[in-house]
Amino acid sequence: MQFAVSLKNSIFGQHQAVAIFTSLLHILIFILPIFLLAHNLLLYESWNFRLWSFSESLGDKLTVLFLILALFFLLRRVVVPKVRALSRTSDYFVWFIIVTPFLTGFMCYRQWFDYHTVLIIHILAGELMLISITFTKLDHMIFFFLARFFIGSEFSFGRGTRTW
Amino acid sequence: MIIAKVKPLEEVKTLIKDFKRILTVGCAGCMAICLAGGQKEVETLNTKLALSFKKDLTSPLIEGYTVERQCEPQFLDLLDLMVEDYDALISMACGAGIQFLAERFPNMKVFPAVNTTFVGVNRDIGWYEERCQCCGDCVLAFTGGICPVTMCAKVLFNGPCGGSQDGHCEVDKNIPCAWVDIYKRLKAQGRLDQILDVFPARDWKNQTLGTFVLEEFQARYSSKDNEGSQR
Amino acid sequence: MTEATIRPIDVAKIQKMLTQKKGKMKVLLSFCVHCGLCAESCFLYRNYQDPTYVPAYKAINSLGRIYKKKGRVDRKELEDMKELIFKNCVLCERCYCPLGIDIPSMISLARTICRSQGVYGVYPYAVGEP
Amino acid sequence: MKSGSNLEKILTKGIFAVTGELGPPRGADLDAIREKAKHLKGMVDAVNITDNQTAIVRMASWAGSLIALQEGLEPNYQMVCRDRNRIAMQSDILGAYTLGIRNMLCLSGDHQIFGDHPYSKKVFDIDSMQLITMVKKMRDDGKFLNNEEITKPPRMFIGAAANPFGDPYEFRVFRLAKKIAAGADFIQTQCIYNMNRFREWMKQVNDRGLTEKVFILAGVIPLKSLVMARYMQKNVPGMDVPEEVIKRIEGVDKKKQASEGIKMCCEQIEEFIEMKGVAGVHLMAIEWEHRVPEIVEQAKLLPRPNPKDLE
């Protein structure tokens, strides 16, 4: 009973779609670049060390899934009034920062347009993404772990020691 | 602020088991802050009731609505239209709020879902402690800011009694003896003289229904038509 | 209220308050991703479905704006903010942010700053007017 | 003379007083009280009739007092602030005095959480200190608490309790001074086991000259057994039972523990007789009334002065 109740009151209980998609999207953001075959080959060539990686087709399908999810969130930001009211230009800008590396990576795999230029854009976009972590809202990547488990209020997972 | 505790689920359930359409009215004032009757508690209670009724193969409609404070008329205005399509109301407000709701909708059956406990403070999340019994004649000036009426189990004005031992009240080891604390604090502040003379017997002013009108509003309510509340 | 409206904004005082809580508030404001998931946790948003009641919206458009302008806000801005943080919010401290941002403390700081400049929440019934 | 009671006469004449304690029965049982009173008659100068001790319902203290009076024993009518408000208290005092009760004890009383009706509503309208002032006002000014005239004022000999071992230790003497200022005529202390602490307390009391203004009776409870000693140490609020006392009782085998307790009690009494500022002893032998004659006799406190020749 208690589990059912707390589930119903959780974010998942309120917005099933958003909860699932955002979890999926965040997982993909991490696993896609790390376990991509192409990246691991490059890694192996330079440090002859590589991780496990997807098959090429799986990597490709996951990238498509990622792009769809990203599109969903862009539409949500534009369509849903409560999110639209909150949005600033920086939100859209960050959306592009996140999507371009995946998009250009997808295009590189498919060798659309001129492979070399798209590859360079892909590399630059990837670096821009990593750099922008500290300058944009992407720093929630870090602060999430500091805030989420330390708040003393009822919503923290941990006991919550911080009472700022 | 006013602290309360949610009633056991079974108790609330038996209150409303014969009704088909129930509205749980939350209160975002003190009840939200002491985690007893805010919107989240309304949803939790409704979910628990729904799950419990499902087991009995009945499924009444149980919906929730939270207002800023149930103790102020203008925040109940919104309910005027909503209330018609329900047979019963559960109020998650404190004792004052639920009575005001019941008074507002006299032919609705209104049930409390929380037990109002005391006027108190938030020691920490989910940890509440009583501080005031609203006796209407505050003596905190003489006792270094520790209330003898609330914090002393025997309401002593010339404590401590013979039963206080190593700093706690004879009634319960976890309850500190108010008068020992008063003594320590006044001693530290060099104001021990406050409690050296016998404090005379008190006039207990909170023996009849508490109601008053501030001076600057006397004129506004002095006209004949609204004698007291519209009970 | 007339006396209060003429009095100029004491920017230094505001800045002092901003820097005092700077560490916490700047971080909170920076890592809010404007996802709107805190909306449903606010009963007022639930009741009125109006985006100005979204907790993040209230925090960003009050404290966020003060921080962005580094305290150099004029009285009109504080007056606009007044409705947002005094009327649209009862500070019941129950807004929930999946990232753990402490929204109530942001709104309460914004309130403190407004109050320090003589900008108060006006309740539906006029207070003190006989 | 404040009330002309036997206890007052003995104390004012400087004779070492002895007061006992009697707990009324938990039923309308006349013989129970008479039987207990028989043991105490002639052994003590006055006997405390407890008022729902430890918040457990018993026959009313005024009823017990009247029965003791009929048995020729002078009662100390106890009144606690837990059960009655000031209206009931004043009317009880008038009634008790009219029917011959002359000594009173003003106590805060044990909290009802200890008793057999833990969730009954508490009164505590006034506290013990305010009760003392009230009784004094009724006696000396002939006025009720609200300053209205009493047609025929009750002239009670006012008693109060004091716990030399309570917290905070250094404030206890101030509190005693407050009780004297409030109008207490005699004080019965909490039962004493920690003699050093009591000596210290008495020294402070003497230094402040309080013993000129009030008669202090030292409270003792003879220990019946080790179990009782442990119980007193652990569960009775405000009781300070040092380890040496426990060890002494432990040192004797089971059967002789009771007499060892009595022996210790008599030693205490002997010391109290010599002690400056101690005007008497308050012997609390609850449910042990039948051993009181033996204790009083062993402590060489007999014979008790006969009320008749004290005029």
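This is a dialogue about a predicted model, asking what stands behind the terms used for it.

Student: Why is D:Leu22 called buried?

Tutor: Its relative accessibility is 0%, and buried means under 20%, so D:Leu22 counts as buried. The residue is found in strand β1 of chain D, residues 17–22.

Student: Which residues does D:Leu22 touch, beyond those up to four places away in sequence?

Tutor: D:Leu22 touches D:Ile33, D:Lys36, D:Ala37, D:Leu40, D:Val47, D:Asn48, D:Ile49, D:Thr50 and D:Glu289.

Student: Why does A:Leu146 count as partly exposed?

Tutor: Its relative accessibility is 47%. Buried means under 20% and exposed means over 50%, with partly exposed in between, so A:Leu146 counts as partly exposed. A:Leu146 lies in helix α9 of chain A.

Student: What makes the nonpolar patch on the surface of chain A, and how much accessible area does it have?

Tutor: The patch is formed by A:Phe30, A:Ile34, A:Trp47, A:Phe49, A:Leu51, A:Met141, A:Ile142, A:Phe145, A:Leu146, A:Phe149 and A:Phe150, with about 1,100 Å² of accessible area together. A patch residue needs over 30% relative accessible area; A:Leu146, at 47%, is one of the members.

Student: Which helix gives the most to the nonpolar patch?

Tutor: α9(A) does, with 4 residues. Helices α3 (16–35) and α9 (140–148) of chain A each supply at least two residues.

Student: What is the secondary structure of chain A?

Tutor: Chain A comes to 9 helices and 0 strands. Of its 164 residues, 38% count as buried. Chain A exposes about 9,900 Å², and carbon and sulfur atoms supply 76% of that area. Its C-alpha atoms fill a box of roughly 55 × 40 × 35 Å along the principal axes. Among contacts in chain A between residues at least 6 apart in sequence, 46% join residues at least 24 apart.

Student: How do you know that β4 and β5 of chain B are paired?

Tutor: Two strands pair if there are at least two bridges between them. Strand β4, residues 88–91, and β5(B) have 4 bridges, in the parallel sense, so by that cut-off they pair. Within this pairing, B:Ala88 stands opposite B:Lys109 in β5(B).

Student: What makes β3 and β5 of chain B edge strands?

Tutor: The open sheet of 4 strands has the order β3-β2-β4-β5 in chain B, with parallel pairing. β3 (61–67) and β5 (109–112) each pair on one side only. Neighbouring strands of this sheet are turned by 25° against each other on average, direction ignored.

Student: Which helices lie against the strands of chain B?

Tutor: Helix α1 (residues 9–16) lies across β2 (21–27), β4 and β5 of chain B, and runs at about 175° to β5(B). Helix α3 (residues 39–55) of chain B packs on the sheet and touches β2, β3 and β4; its direction makes about 170° with that of β3(B).

Student: Why is B:Thr66 called buried?

Tutor: Its relative accessible area is 3%. Buried means under 20%, so B:Thr66 is buried. B:Thr66 is in strand β3 of chain B. Leaving aside neighbours within four places in sequence, its contacts include B:Gly26, B:Cys27 and B:Val42, and also C:Phe43 and C:Asn47.

Technical notes: Residues are numbered from 1 along each chain as its sequence is written. Chains are lettered from A and ligands numbered from 1 in the order in which they are written. This is a predicted model: local features need pLDDT of at least 70, side-chain atom pairs count only at pLDDT 80 or more; totals for chains, interfaces and linings use all residues. Side-chain values use heavy atoms; hydrogens and water are left out. Axes are lines fitted to C-alpha atoms, for helices over the stretch in contact, and angles run from 0 to 180 degrees between N-to-C directions. Contact means heavy atoms within 4.5 Å. Patches are made of residues with over 30% relative accessible area and no salt bridge: like charges are joined within 9 Å, nonpolar side chains (Val, Leu, Ile, Met, Phe, Trp, Tyr) within 5 Å. Accessible areas come from the Shrake-Rupley method with a 1.4 Å probe; for residues, only the protein chains shown count as cover. A salt bridge is a side-chain nitrogen of Lys or Arg within 4 Å of a carboxyl oxygen of Asp or Glu. Buried means under 20% relative accessible area, exposed over 50%, partly exposed in between (1.4 Å probe, protein chains only).
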